[in-house]
Every structure is written in structure tokens, then in C-alpha cells.
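Please look at the structure below before reading the numbered points. They take up a few features in turn.

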Amino acid sequence: MSNLDKYISKLLVDDKALEMFINDPKGQSNANGLSKADGAILRRSVHALPATAKSGLSIKRPLSSYRSSIRLLQNVLHNHHGNQLSVANGGKPTILIYYNDTIPNWAGAPFGSPHQAYVKSVYVDSTVSSPSNIGDAMGFTPKEHPNQGDTVSGTLNVHNSTDTVSYTATYYPAGSDGPLKPYITEFVIDGNSIKIPFDFTANERKPFWFYSLNGSAIVPIQSSPDNYKKNPDAKTGEGFESFIDYQLTAEITNITWQAIAPDMAYGFAPCFIKPYQLGIPVTQRSVHQKGETFYTNSVSGIFVDPNAYRWMLSSENNGEGKLRTDDVVEITITSIGTSKTIYSHDYSTGCSTGIIPTAPVDITDKLTPYNNTHITLEIKYKDQCGTYVSSSGYFLVQQ
């Protein structure tokens with residue numbers, strides 16, 4: 001893996017490293033062993049600058065926006081490298097597997113940060129000339145007369161290495177009453193089991209192995225009723241389509257597997273469970289009475305899912321928006337007849353500063369004691385300093 005590739009993977013998950021690069025791209029490029037050319041490419045890609053730009057800085061954007069640019073550059077580099085490997089391998093397709101083995105319980109399929117799905121990658125070689133479909137390229141041998149739950153395993157050679165990657169495919173119905181077909185349920189890479197259970201009866205929020213051919217993907221479109229449409233050339237692991245369903249042509253040189261929690265960017269229902277809106281935004285107005293509670297709302301029937309990776313408070317329904325209230329927010333939980341405050345914050349620091357917004361807040365530890373129960377959350381916006389009141393909205397986002 002090149003220094004540029006390693007550094008891209010770091011920037012996709014490390015907020016501090018990304019902030020340092022945004023503020024000092026040339027210095028951080030040198031510090032991470034990038035060549036002058038690689039550093040310039042990364043700097044201009046991340047900041048969306050023209051090739052003639054002399055400066056590395058641009059208008060500050062959310063980190064997720066920078067990471068979208070980084071991910072695009074990574075995809076271009078890996079697609080190009082895959083093409084080169086395919087040529088060196090006699091035209092046989094190159095198989096690239098993205099994975100993540102560091103997140104507890106969701107190895108390879110992070111809910112809250114999709115970019116982490118691209119932290120690690122490995123190239124493996126197809127041993128089949130002119131394969132007819134993805135399964136054929138992976139040396140998959142279909143099982144005769146399979147029963148539901150039957151598995152078939154295979155092994156792939158890591159490119160230019162003695163290491164191997166193994167996979168397991170499990171037979172499930174293609175739809176509620178469709179024929180049994182194989183779906184990848186596990187890769188074993190570097191001795192780590194990257195396993196994602198396949199649930200053919202579940203809604204499409206479940207994480208799964210998503211595949212694309214030659215980098216084709218599904219693209220969002222705001223004018224669509226569903227906020228997305230498929231790229232007509234996209235080849236994906238959507239719905240109940242097995243990897244053996246996709247036919248390959250001589251032009252297909254790259255098969256990419258990604259372990260992800262699907263979201264709207266890929267044409268699926270949101271990977272987040274529908275967020276709970278605890279409080280709406282309040283535009284600035286004058287204080288009626290100093291110390292007043294100027295907004296109250298109560299949301300009941302919130303189920304604390306023990307399978308949630310985490311619970312975030314955010315001003316946006318995707319879990320990423322900064323929070324602010326002029327001056328204080330307070331959230332109280334009620335469960336089985338008892339109530340207590342689980343979160344409060346004074347954005348004015350005791351009226352000693354202006355209003356200082358915060359990043360989204362992880363309150364997982366506050367909700368974990370209520371796992372498998374339904375709760376009620378009450379939110380209050382309070383004045384403390386007089387003069388004006390206002391607030392962002394507040395969402396509770398399950399990830």
C-alpha cells in the first residue's frame with residue numbers, strides 16, 4: 001500500500017488528522033511521507049481547487065464533505081490500480097475488498113460513519129479467464145439442490161502475496177418466495193472474520209456486502225420522489241439479487257466488494273432508524289422574562305434498541321449537526337414511573353461567554369440502562385442570561 005493510500009485511509013476516519021491536513025496540507029503531506037506530486041493531488045482534490053491553484057486552503061466545509069472528496073480520489077486510484085493488475089493478470093478481473101475490522105460488533109459495516117467502510121482494502125486475483133458472472137470470477141461452485149441455510153466456501157489468493165482470503169456464501173430465498181440463491185455472509189481476511197448476517201426478511205437498513213463493477217454506483221438525485229436514482233450502469237448488491245446474477249463482459253476489469261450499512265447514497269432506505277425529533281429550531285426573539293423556559297416538548301414511545309451502535313443528539317437528522325441553545329437545554333427521561341435528567345448543557349458558560357455551539361453529543365451511556373424498554377424524553381430550552389432566546393433543533397439519532 002502506498003503512502004498516499006495509507007494516508008487516505010487515515011483521513012477517512014481520524015478527525016484530528018483531517019483537521020490538521022485542512023489547516024496545513026503541505027506540512028501534513030510531508031509529515032506523512034507523501035511525494036510532492038501526491039500531496040498536490042490530495043490537496044487539490046480535498047479542497048476542490050483547480051490544478052493551477054497555489055494555495056491549499058478554501059472555505060471551511062463539514063468534515064463529511066472533505067471525506068466525500070477523499071473517497072472519490074481513493075476510488076479513482078483503486079480503480080486505476082485494479083485495471084493495471086487486471087492487465088498484468090492476463091485480463092482476468094481484479095477483485096478488491098474493502099473492510100473494517102476495528103469497530104466492535106459491526107466489523108466492516110459501521111452505521112454512524114460510512115467512510116469507515118473504506119479504511120482497509122485488499123486485492124485478490126481471479127483465476128478464471130473470461131468469467132461469466134461474479135461468482136465465476138471468485139471460483140464459486142454452486143451447490144446442487146441446496147437447502148436454505150446451506151453454505152459454500154471459497155478461497156482467493158491475495159495479489160502478489162502468499163496470503164489468502166476466504167469467503168462463505170449462504171443460500172437464502174431471493175425474495176419472500178423466490179428461489180434459493182447464494183449471498184456472501186463472511187470474508188476472512190488476515191485471520192479476522194468480517195461477518196455480516198444476511199436477513200432476507202428484513203427491511204433494507206440491514207448492513208450487507210455491496211458490490212460494484214468498474215466503480216459503478218448508485219447516485220442520489222434530489223428531484224426524485226425517493227431522493228435517489230440508480231446510475232443506469234450501476235451493478236450493486238441491492239435487494240434480493242445474488243452476486244451470481246451479474247453477468248460479466250470483457251470490459252469488466254474491477255469487481256469491488258464493500259461491507260457497509262446502506263443509505264440513501266446507494267439507493268436504499270436510510271441506514272439510520274427514523275430519528276426522533278425532540279425539539280424544533282427556535283428563531284431569535286427577545287426574552288419575555290429572564291430565566292423563562294421558552295420551549296418544551298415530550299416524545300413518548302422511544303424504544304431503546306440494545307443493538308444500536310450508539311445514540312446521538314444532533315441538530316440534523318443524520319446525526320452530524322452542531323447543537324446550540326441560548327442559553328440552556330435540559331433533557332429528562334421517564335421510564336416505568338421514574339424521571340431524571342440525563343443531559344443538560346449551558347451554552348453561555350454561566351453567562352460569561354457568547355453562545356458556543358457543541359458538536360453532536362453521544363448519550364449512549366445515558367440510554368443503555370434502559371435497553372429493551374420504551375421511554376419518554378422531555379426537552380426544555382431555557383433562558384438564563386436575558387436579552388434574547390433561540391435554539392437549534394434537537395434530534396435523537398440511533399446509529
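1. In this predicted model, strand β14, residues 311-314, is joined to β18 by two bridges, and the two strands run antiparallel. Within this pairing, methionine 312 lies opposite aspartate 362 of β18.

2. The pair belongs to an open sheet of four strands, ordered β11-β21-β14-β18, with antiparallel pairing. The edge positions are held by β11 (276-279) and β18 (361-362); each has a single partner strand, so one side of each is left without a neighbour in the sheet.

3. Helix α5 covers residues 63-88, 26 residues in total. From its first C-alpha to its last it reaches 37 Å, close to the 38 Å expected at 1.5 Å a residue. Its buried residues include Leu63, Tyr66, Arg67, Ile70 and Leu73, and also Gln74 and His78. Just after α5, glycine 90 has a positive phi of about 70°.

4. Which residues of the largest nonpolar core touch the most other members? They are Ile97, Ile134, Phe187 and Trp257, in a core of 31 residues. Elements that each supply at least two residues of this core include β1 (94-99), α6 (134-137), β5 (180-189) and β10 (254-260). The largest share, four residues, comes from β4.

Note on methods. Residues numbered from 1 in each chain as written. Predicted model: local features only at pLDDT ≥ 70, side-chain atom pairs only at ≥ 80, totals over all residues. Heavy atoms only, no water. Pairing = 2+ DSSP bridges. Expected span 1.5 Å × (residues − 1). Buried < 20%, exposed > 50% of the residue type's maximum accessible area, 1.4 Å probe, protein only. Core = buried A, V, L, I, M, F, W, Y, C linked by side-chain atoms within 4.5 Å.
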